[in-house]
Amino acid sequence: MATFLLEIRTEEIPAAALPGARRQLEELFSARLAEAGFADFDITPLSTSRRLSVVVENLPDRQADRAEELTGPPLSVAVDANGNPTPAGEGFARKVGLPFDEVGQIETGKGEYLAATVVHPGRPTSEILAETAPKVVVALRFPKMMRWGDGTHIFVRPVHGVVALLDDEVVPVEIFGVAAGRSTVGHRVHSPKAFELETAEGYAETMIERGVVVDPAERRRRLEALAETLASKADARVHPDPELMAEHVELVEWPGLIAGTFDERLLELPPEVVVTTLRYHQKCLILENGDNGLQNAFIGVIDRKDDPEGLIRQGNEWVIGARLADAGFFFAEDRKHTLADLVPGLERLEFHRVLGSLAEKAARVGQLATAFANALDVNVARDQLSAAAGLAKADLLTHMVGEFPELQGVMGGHYLRLEGADEGLWTAVRDHYTPVGFEGEVPDSEAGKLLGVADRLDTVAGLFAVGERPSGSKDPFGLRRAAQGAVKIVAEAGWEVDLNEMIQGAAGAFADYSKDGKEAVADAVTAFVANRVRRWLTDIVGVSGDTADAVMAAGWSNLPAAVVRAEALERVRTSENFRALALAFKRVRNITDGQPDLGVDPELFEADEERELHETTVEFEKKLQTLLPDKKVEEAFAAMEPIADILERFFVEVLVMCEDERVRDNRIALLKKMGRKFMELADLSRLQVEGGEL
Amino acid sequence: MARLGGTLDLQTLILDLQRYWADCGCIIQQPYDVEVGAGTMHPESFLRVLGPEPYRVAYVQPSRRPADARYGKNPFRLGRHLQLQVILKPSPDNVQELYLKSLGALGIDPAVHDIRFEEDNWESPTLGAWGVGWQVLLDGMEITQFTYFQQAGGIELSPVSAELTYGLERIAMFLQRKDSIYDIEWGGGVTYGAVRLEDEREASIYGFEVADVEVLRRHFEDWESEAKRCLEHEPPLVIPAVEAALKMSHLFNLLEARGAISVTERVGLIARVRRNAVAAARASLEQREALGFPLAGDLDIPSGEAD
């Protein structure tokens, strides 16, 4: 069995592109090799910042021979009356490469035919690989491709070397004008000289000797171990940051670490500022004390084994000190005035070309939040809520947020806190941007939640009113995330409030902006929010799509209640009774949709099953009246179960669409009455169950 | 060899880099005498990267960014900073190596530092230009923008040029381990602050407080019409048209610093600058073609460069 190695040596490939490149390498190679008839090979994609590699083990030296059965002309055509081959017969013999005497015959349903087995010898694996490799590499797709030099080739970065070895033999390929060989280079610092790989086997081990860890999983392992050691030396722990770790793994050929410190006084900056500077701007790992406090220390990842003269640590310390001092400069500048001083400036800050300034938005949000507070009857000081709405966007005008846009809200909160504002006020301002979509925490304070929902619904309704609706992958104003954030707050806060009314309240402010009128805007926003609610039910609550549909059809504007119903239905729906109920309700719908409801008159019942169903419905109604106010939703669903049998009997014995119009209307009314009761919980006809085609 | 914290002053830094790139076959050009926001806008970059003619050039370009000005009070920010710009066309195979050696010329020995090339793509909507590349980090400090130009003036580039932009004050500050730009040693015992502090302060006051928005807007219109006239001239006047577009770009930057441009208006103004920049680029390419691409042919690249 042979081992194949392909290494494409490039200039530094973007970290974000590498995981996808490895996946493509594996998939494309596997597919092509399988097509060529290879099986049971092991394929390992590898990469560093400066090379893409793939190792294929357990390849045979050549393809297996392939036998092909060929059928020729009928014997009657291939041989003439004298038993000699005709031109057609000779032609077939030539085609299969045999003397005519050695060509066989087979009996088919239609008579005797010439036939022969042709053996196609398998081609050498090397030949197959020489064809496959360039095709695979050229087919790789990257988020951003480029040309270089004379502009002939397109790839993620310029290609400088290709190694293609099948065991110890060079596979003759040319990729982007570079002929493959066995020569490669090691780490830029530790082993920059070109050297030759003797064989494909042991590639990863050989490269480690040359200062290159080609396996990303191994780089991650090393990085984590190094970080662990450094942290324990500092009597701290590394703040878990899988995303940043994953990026560092892709950014290096040999992962190394340095530990550094910065001036302790810089810890007086808000911790978010320190973290943003270290984490997002310098890609440092953050060290934490036992109590989650920050240390004036950082861990930097370097692409080499060591810091021989301490210059790397010094340099990084200088940069981090400078960056934090820079942030400190902006912080001090901002502190020269109060946040409230900036509020008039919001009049000049555009929210949207048509919808006006952020000052106008702040006013709308304040009113909306207050209306929500009144509807919810929550204990929030209304003047504080208005004040928070007025101040919430002011930090957009601070130097700090200008520099660190991701700290919007956070900085406003800090400045207000430092000014001695009430905790309810500064936390509301701080928290009103979270969660982002479904990610992140819902604000602790009622004011923060109210402000958050009002701000988002105002944004969505306003932009819908002026026609800036998301379409496909385009959502430049982040309206999906905004609506998701509102849904998450309402759901997790357990606000049993009419979400439709909230939406209408938000849309009311934009009646003049939309040519379709306020109602149309509210309807469009409601449909948009409904989609986010469904997503909340399926992705976060974790119910199946049809459960969400069934529950939402019965109403979702009381979101917490819809969540409880969805959870309950998801649990009970697996029973046989619910399968039967779902089928029965599809039938009920088919029969009753579009029919008048003239009320049930028990005098008109003819069959026992009608009376039984009616009694059951009345009983069920009573049960709901006691169970639902107590939120015993699961019991309410359980109370449905026995009705499955009764409905089944009803449909067996009773012909709803009978001749007598009064009897028929009465039966329809009975089914409708029962359906209405069920619809307080869910529209079971939306459940997809086996036999659902009935 | 390492001169960290030592005496590599700003002018020596510039002279060393220019010497190095001259030895690599670059013409040493001079700063453009029209206000620009970046070295890329110098016609020696913006126009030379078009068409088939090989070219190598290096120059210092003072780059004006009025919105970044900080009244001389912020130790890290300037409204006008110095870039050293290098264009290598076509991008040579060993361009990374050449770049790393340029650091060696400044006494930065890659063997004892952590030098990284991290993805950072570049785009200039006003120039209709974009490229793919990296920011180069030296021990965590961004010292160079490294770009493979893919498009300029809306024109696909072939051959592709490599553009290296060194942020000179940053590098000097880092090498001298100074806590403020204004403490950088410029040369001959004179500090950066002694040379520049006052004009930074004044430029900030002008840009943020004094500049007359109406006048700036009017000049924007004026230069737009001049650009148009140059382009409509038969044959088109390429460099005057580019200069008019650069004027527009600078006026736009001033207006923006002044807070006079709304988000919506911004897009429209940028498009107006781009229209002229793109038209000037086309005219330039046609002009070079009409001249028979006189610089076409092999570049005289010094031997020994590739080792």
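How many residues of chain B are in contact with chain A, and with how many residues of chain A?

1. The interface. In this model, which is predicted, 35 residues of chain B are in contact with 32 residues of chain A. On the side of chain B that touches chain A, the elements that give two or more residues are the strands E4 (115–119), E6 (129–138) and E7 (141–152), together with helix H8 (263–290), of chain B. Strand E4(B) provides the largest share of that side, namely 4 residues. Sorted by class, the side of chain B that touches chain A has 18 nonpolar residues, along with 10 polar and 7 charged ones.

2. The overall form of chain A. Chain A has 26 helices and 18 strands. Its radius of gyration is 36 Å, whereas the globule rule gives 26 Å for 694 residues, and because the value for chain A is well over that figure, the chain is more spread out than a compact globule. The C-alpha trace of chain A spans about 95 × 90 × 50 Å along its principal axes.

3. Burial and contacts in chain A. Of the 694 residues of chain A, 40% count as buried. Among the contacts in chain A with a separation of 6 or more, 66% are accounted for by residues 24 or more positions apart.

4. A helix pair in chain A. Two packed helices are described by the angle between their axes and the distance between the axes. Helix H20 (residues 545–553) of chain A packs against helix H21 (residues 559–572) of chain A at an angle of about 135°, and their axes are 9 Å apart. The crossing of H20(A) and H21(A) is right-handed.

5. The residues in that packing. On the H20(A) side, the residues that meet H21(A) are Thr547(A), Ala548(A), Ala550(A), Val551(A) and Met552(A), and they face Ala562(A), Arg565(A), Ala566(A), Leu569(A) and Glu570(A) in H21(A). By class, the residues of this contact between H20(A) and H21(A) divide into 7 nonpolar, 1 polar and 2 charged.

6. Cis peptide bonds in chain B. Which residues does the cis bond with omega near -5° join? That bond runs from Lys89(B) to Pro90(B), and Pro90(B) is found in the loop between strand E3 (80–89) and helix H3 (95–105) of chain B. The peptide bond from Ser158(B) to Pro159(B) is also cis, with omega near 5°, and Pro159(B) lies in the loop between strand E8 (155–156) and strand E9 (162–167) of chain B.

7. Positive phi at Asp40(A). Although Asp40(A) is not a glycine, it has a positive phi of about 60°. Asp40(A) lies in the loop between helix H1 (18–35) and strand E2 (42–48) of chain A. Is Asp40(A) buried or exposed? Asp40(A) counts as exposed because it has 8 C-beta neighbours inside 10 Å, the cut-off being 12 or fewer.

8. Positive phi at Tyr71(B). Tyr71(B), which is not a glycine either, has a positive phi of about 60° and lies in the loop between strand E2 (55–64) and E3 of chain B. With 16 other C-beta atoms within 10 Å, Tyr71(B) is partly exposed.

Terms used: Residues are numbered from 1 along each chain as its sequence is written. Chains are lettered from A and ligands numbered from 1 in the order in which they are written. This is a predicted model: local features need pLDDT of at least 70, side-chain atom pairs count only at pLDDT 80 or more; totals for chains, interfaces and linings use all residues. Two residues are in contact if their C-beta atoms, placed from the backbone, lie within 7 Å. Ala, Val, Leu, Ile, Met, Phe, Trp, Tyr, Cys and Pro count as nonpolar, Asp, Glu, Lys and Arg as charged, and the others, Gly among them, as polar. Axes are lines fitted to C-alpha atoms, for helices over the stretch in contact, and angles run from 0 to 180 degrees between N-to-C directions. A crossing is left-handed if the near helix is turned anticlockwise from the far one by less than a right angle, and right-handed if clockwise. The radius of gyration is taken over C-alpha atoms; the globule rule is 2.2 Å times the number of residues to the power 0.38. A residue is buried if 20 or more other C-beta atoms lie within 10 Å of its own, exposed if 12 or fewer, and partly exposed in between; C-beta atoms are placed from the backbone.
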